[in-house]
Amino acid sequence: MHTKVADLLSSKDYNNDVTAKGWVRTKRGNKNINFIALNDGSTIHNIQIVVELANFNEELFKQITTGSCLCVTGTLVQSQGQGQSVEMQAKTIEVYGTADAETFPLQKKGHTMEFLREIAHLRPRTNTFGAVLRLRHHMAFAIHKYFNDKGFFYVHTPIITGSDAEGAGELFRVTTLDMKNLPKTPEGAIDYKEDFFGKETKLTVSGQLEGELTALALGLIYTFGPTFRAENSNTPRHLAEFWMIEPEMAFYDITDNMDLAEDMLKYLIQYALDNAPADLQFLNDMYDKELLARLKSVTEKPFTRLNYTEAVEILVKNNAKFEFKVEWGIDLQKEHENYLVEHFKGPVILTNYPRDIKAFYMKQNDDGKTVRAMDVLFPWIGEIIGGSQREENYDKLYARMNEMHIPEKDLWWYLETRKFGTCPHAGFGLGFERLMLFVTGMTNIRDVIPFPRTPKNAEF
Ligand code: 4AD
Ligand code: MG
């Protein structure tokens, strides 16, 4: 049995034999003694293997290069050198896999992020992506813990859907029809009756609508699953496949919704600080010297809350600074969101947006112009959460769907919840990778998901 490097490094079991398995990060030394830094992914830190060359076969030792995979047995000793508490005096070394020094791409330090994306099959073996992937795990776990502790139920909503939840039309099709020989109706349209599900189907853009159905039965629910958007936005904040957390709460209004969003984000960030200090310290030192300070500051003070209309008043005064000029009714751009979070020196929750730029399901305000939407804007990221109180009134929802040409035949079941025991309710969606951008300080969303899906890119 071998011991994880993380456990070896915190062990005080000196002078006993242990086995470590992992990948060689570096090998250095002289003709008598060598030092191998071995990493197994359990921690950002490596264990130092001390090798007295006289005890080892020269041919075998030559096979050990950066990237090769080893099984090492030896004695755990208190380290003489600086920077580590323990090290191993090697007794036996088995080479599981060599890594040809001519062709192994992760030879030197300081590869660009762009280059690492091209070798996404190997980048988990870098310090940076090890840290990011471990943090991603911690955040996913913390999300489940947060909701479970609060009495929310985790609901699995479908990935294949017949409806467009956001009404933005950015859907990927799901079909088994023969693309070269599509069945046609007498009118010449594609005959989806012949397709696998007997209707047109897509990959979901959100689990919200089905989430609402279950919240109106279980009270407090959340979803956490993959979502898909075929928007052709090649930006550092958009993925075609991303993960979304969508809580939905019966009997919550917009204020309860904002309170939950703020509390959850603060909890998650505090969780990262408490549970992944070494990885965060590494990212702070390597990429972003303000990362830890920024994370702490978000947990410490209340988020600013203001109306869209108030935000527009602030922005209009500064229109000279913006590429896209602001007027009431526009969808805010990244530059405007950035301005607001800088202006208020921290996260901002904007509410009561114009109804014409928001989805059909949002609760309509009495002014006839705005809806009870809320977006949470974060430093560096912009929009991290989008949500709303939902329109629970059947007639108002029905009228809005008609106005927006949302087919009743696709969403009759959603409408029925407003017919049978409707109630005030609210929810929101947190983009998991946007959260990961904030937590890791990475600047491109392609670098916080192991295998990103973006326009013209679905390798790996
Ligand atoms: O604002 P959005 O579109 O809201 C919804 O989908 C609602 N159904 C949520 C709800 O009320 N249950 O998306 C929610 C969040 C955004 O704030 C953003 O963080 C993230 O999802 N997001 C994306 N993340 C990565 N790539 C994309 N293409 C994203 N689109 C949205
Ligand atoms: Mg949004």
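**Entry 1: the sheet.** In what order do the eight strands of the open sheet lie? I examined a predicted model, in which local features need pLDDT of at least 70, side-chain atom pairs count only at pLDDT 80 or more, and totals for chains, interfaces and linings use all residues. Residues are numbered from 1 along each chain as its sequence is written, chains are lettered from A and ligands numbered from 1 in the order in which they are written, and side-chain values use heavy atoms, with hydrogens and water left out.

I read the order as β6-β10-β11-β16-β15-β14-β13-β12, with mixed pairing. Strands (E, at least two residues) and helices (H or I, at least four) are DSSP runs, numbered from the N terminus. Two strands pair if DSSP finds at least two bridges between them. At the edges I found β6 (153-154) and β12 (304-307), each of which pairs on one side only.

I then looked up β14 (residues 370-378) and β15 (residues 382-389), which run antiparallel and are joined by six bridges. Val-376 has Ile-385 in β15 as its bridge partner.

**Entry 2: helices on the sheet.** Helix α4 (residues 127-149) packs on the sheet and touches β6, β10 (220-228) and β11 (241-250). Contact means heavy atoms within 4.5 Å. The direction of α4 makes about 150° with that of β10. Axes are lines fitted to C-alpha atoms, for helices over the stretch in contact, and angles run from 0 to 180 degrees between N-to-C directions. I noted helix α9 (residues 308-316) lying across β12 and β13 (348-354), at about 90° to β12.

**Entry 3: ligand 1.** I listed 24 residues around ligand 1, where near means a heavy atom within 4 Å. The closest are Glu-166, Gln-208, Arg-229, Glu-246 and Glu-383. For polar contacts with the ligand I looked for pairs of N or O atoms within 3.5 Å. A nitrogen atom of ligand 1 is 3.0 Å from an N or O atom in the side chain of Ser-206. For the side chain of Glu-231, the corresponding distance from a ligand nitrogen atom is 2.9 Å.

**Entry 4: Phe-360.** Is Phe-360 buried or exposed? I found Phe-360 in the loop between β13 and β14. Phe-360 counts as buried because its relative accessibility is 1%; buried means under 20% relative accessible area, exposed over 50% and partly exposed in between, with a 1.4 Å probe and protein chains only. Leaving aside neighbours within four places in sequence, its contacts include Asp-164, Leu-209, Met-401 and Tyr-414. I also noted that Phe-360 and Glu-391, 31 residues apart in sequence, are 8.5 Å apart in space, C-alpha to C-alpha.

Key:
A polar contact is a pair of N or O atoms within 3.5 Å; within protein, one must be able to donate a hydrogen and the other to accept it, and residues adjacent in sequence count only if both atoms are side-chain atoms.
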